[in-house]
Amino acid sequence: MSHSWAIETENLVRIYKVKHKRGDAESAPFKALDGVNSQVGTGELFGLLGPNGAGKTTLIKILTTLLLPTSGTARVDGVDVAANPQEVRRRINMVSGGDTCGYGLLTVEENLWMFTQFYGLDNKTARERIGKMLEIVGLQDKAKSKSYQLSTGQKQKMNFARGFLNDPKILFLDEPTLGLDVQTSRVLRKFVKQWVRERPGRTLLLTTHYMAEADELCDRVAIINQGKILACDTPANLKKRLQGASVFKLHVTPLEQTELFSDLPGVSNFSGHRRNGHTELNFILDDENTLVKILSAVQQSGAHLISLDKHEPTLEDVFIDLVGKSLSEIEEQTGSVS
Amino acid sequence: MILFLRTVLGRAYPRLIGIQREKSWLIFGVFLPLLGVSAYVFIYKALKSPPEFVGFVILGGAMTAYWLNVLWSMATQFYWEKETGNLQLYLMAPTSRMAILMGMAFGGLVSTSIRAAAILIVGSLIFSVHFTVVSWWQLILVFLFTMVALYGLGMLFSSLFLLFGREAWHLSSLLQEPIYFLSGFYFPIKSLGYWVSIGASIVPITLGLDAMRQLVMPSAKWGFLSVDEELGILLVMSIVFVFVAHRALLYMENLARREGRLTIRGQ
Ligand SMILES: Nc1ncnc2c1ncn2[C@@H]1O[C@H](COP(=O)(O)OP(=O)(O)OP(=O)(O)O)[C@@H](O)[C@H]1O
Ligand SMILES: [Mg+2]
């Protein structure tokens, strides 16, 4: 028994049986998690980064005892989620970004109070924590408003506050800033970071598909795609994989064929896709001199260069390097069903 | 244990506060049922039925409120909670799921009792009905067991209906009217004949209502079984329904975790 990991999974597999309507016997099993091995240390702020459908929510549901693994094991604070869910539940909480909680007829305060009762909090502690959290998410002036009067974002903030009320040892945030404005997102990110730093023994696992969020916030990031963890390291180390490589982003007038670019010698990784009336080309080059060949290839294809940008490798580039496609490209292809 | 009680009260709270905040219950919960009651009263008066029938109808009208509450606020509840996202938050909490259901039931019972009492009082004032209670403690026991059995059934429904998904709504509407008839909300079930009455007794309110009528209007000889027999059956039903509801809940939760279907929305 190794108690040192806050979260630990071994060969975790989750298969969904997709039942077709109208009674045809064909049910195609779908592998949402395909042998996930991961370890998150106590006190870590750990990020799961991946496109829509990668399996992030599935993993979180298993870790929060809402879903059973098909095979493999998962332990939270050393406790097996399948064998001993009630023990796990005492130590965790979860907030799912787009969601709200409670009942419209209750005030914000009352809704949050109701949830504290499911964790057995006494009234004094409950009131204190609710007050503090409302202040953090900036809803103190709404504490006595009925929650049906709140805007979508305010409801989300109320739900965000709920996640912290039982002072969980391990907190799961599934795309916590989804749909929130920039200012609010920033405040919540700052709080999340502070929460982990200031409370020894607290661990936080967060999923996101905002690269910058993962980069800014997380001690370590796992990049997940199609149910597999492709890489897992600190953001700095992940970016170091591309050290020595040059990363360019080109915007050109619309191009039909972009395959030819990946075959150019010296291009170690390439992704291209249409975006807002032009074509975006992302290159990871072993050698900067390859750029000359690229530019002439652009010219030969009849397109015009709109902008060219060389930058330090970002997590986005690491993703392209690992998957061979950019995150936004994958999401356009899958039509963002979540 | 403390956690259990806190959970029950926590979940009952929205229902208790609801009756105070949503004034529409005055119209939907008291006025409309009274209209229904009046219709039957006039029919019975026109038919020159025994005067006790008016009392029967008013009592039935009051009990209808509980049946509606069980159907619409218990049976369909988990399905609705799933759609709003609360269900997964409940299932993730380290508390007893039974406590959450009991909180729902308790809150519903209390708020419905206010409505039922209003129907009873206003109804008997309008039609000047006098109830003479034969035995208070029997009446209280009958009422208690009827409610435990009835809300036990509601708890069972709420897990079962979750499995049916969207169909749950149709099921509830489907169950609403026939039970009015079968459980004899507006007439003594004895008039349905022995076997139909036996069948209708699966809904606890049937026997409960029959026993209560015998206890408050001893002059009418329309009882189906004796009060003691009905009390015994209701006690058994209370235990069975609550037990089966508990099993159904465990089954539902396991299925949810295995299939991953029950906590996702929009199906
Ligand atoms: N209950 C379910 N039944 C069948 N398939 C499911 C179910 N839940 C998820 N899936 C499938 O499993 C895959 C992984 O889904 P998951 O929700 O874990 O993705 P995600 O990484 O959270 O994506 P997003 O960024 O869109 O939230 C998807 O392809 C999805 O269609
Ligand atoms: Mg997700």
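Which side chain meets that of K228(A) in a salt bridge, and at what N to O distance?

Reply: It's D34(A): the side chains of K228(A) and D34(A) come together in a salt bridge at 2.9 Å, N to O. Salt bridge here means a side-chain nitrogen of Lys or Arg within 4 Å of a carboxyl oxygen of Asp or Glu.

A quick word on ground rules. This is a predicted model, where local features need pLDDT of at least 70 and side-chain atom pairs count only at pLDDT 80 or more, while totals for chains, interfaces and linings use all residues. Residues are numbered from 1 along each chain as its sequence is written, chains are lettered from A and ligands numbered from 1 in the order in which they are written, and side-chain values use heavy atoms, with hydrogens and water left out.

Back to your pair. K228(A) sits in strand β10 of chain A and D34(A) in strand β2 of chain A, so the bridge ties together parts that are 194 residues apart in sequence. (Strands are DSSP runs of E, at least two residues, and helices are runs of H or I, at least four, numbered from the N terminus.) K228(A) is partly exposed at 40% relative accessibility, and D34(A) is partly exposed too, at 22%. The cut-offs are under 20% relative accessible area for buried, over 50% for exposed and partly exposed in between, with a 1.4 Å probe and protein chains only.

Follow each end of the bridge a bit further. On the K228(A) side, the loop between β9 (220-225) and β10 (228-233) of chain A holds Q226(A). Q226(A) has a phi near 50 degrees, a positive value in a residue other than glycine. Most residues other than glycine have a negative phi. Q226(A) is exposed, at 63% relative accessible area. At the β5(A) end, β4(A) and β5(A) pair in the antiparallel sense over 2 bridges; two strands count as paired if DSSP finds at least two bridges between them.

D77(A) makes a salt bridge with R91(A), the closest N and O atoms being 2.8 Å apart. D77(A) is in the loop between β4 and β5 of chain A and R91(A) in helix α2 of chain A, so this pair ties together parts 14 residues apart in sequence. D77(A) is buried, at 10% relative accessible area, while R91(A) is partly exposed at 22%. Both also belong to a network of salt bridges that links D77(A), E87(A), R90(A), R91(A) and K169(A).

Helix α2 of chain A takes us across to the other chain as well. R89(A) forms a salt bridge with E253(B), with 3.2 Å between the closest N and O atoms. E253(B) lies in helix α11 (residues 227-259) of chain B and R89(A) in helix α2 of chain A, so the pair joins two chains. Both partners are buried: E253(B) at 10% relative accessibility, R89(A) at 2%.

L66(A), Y103(A) and F118(A) supply 23% of the area that chain A buries against chain B, more than any other three residues.

How values were computed
Buried area is the accessible area (1.4 Å probe) that two parts lose on being put together, summed over both.
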